[in-house]
Amino acid sequence: MQNFELNRKIMIVNFIFMMYGLKVTKVAKDIHVANSTVSMYLAGEIKCTYLELYLIEKVFKIKIKDYTLNTEE
């Protein structure tokens, strides 16, 4: 079941990239991470909170100033 959730998330993120015309290099530069980090996130290999926040800001046209990272899972 977790694999299904991961695939759905990857599809949504890729759709957002397509809708906004985002490129891996531009996103990596904007959030100050390596291109490989963004690529690995898009492939579902790693989790990147900064990228998720970036996408939330992009979609909802808001600016997140402060956040607390919940490490409990």
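Just after helix α2, His 32 takes a positive phi of about 60°. Helices here are DSSP runs (H or I, at least four residues), numbered from the N terminus. Keep in mind that this is a predicted model, where local features need pLDDT of at least 70, side-chain atom pairs count only at pLDDT 80 or more, and totals for chains, interfaces and linings use all residues. Residues are numbered from 1 along each chain as its sequence is written, and side-chain values use heavy atoms, with hydrogens and water left out.

Stepping back into α2, which covers residues 24-31, you'll find Val 27, Ala 28 and Ile 31 buried (under 20% relative accessible area; exposed is over 50%, partly exposed in between, with a 1.4 Å probe and protein chains only). They sit on the same side of α2, because they cover an arc of only 100° around the axis, judged by the directions from the helix axis to the C-beta atoms.

Now for the charges. Three salt bridges turn up in the structure, each a side-chain nitrogen of Lys or Arg within 4 Å of a carboxyl oxygen of Asp or Glu. One of them joins Lys 9 and Glu 52, at 2.6 Å from N to O. Lys 9 belongs to helix α1 and Glu 52 to helix α4 (residues 49-60), so this pair ties together parts 43 residues apart in sequence.

Methods. Helix = DSSP H or I, 4+ residues; strand = E, 2+ residues; numbered from the N terminus.
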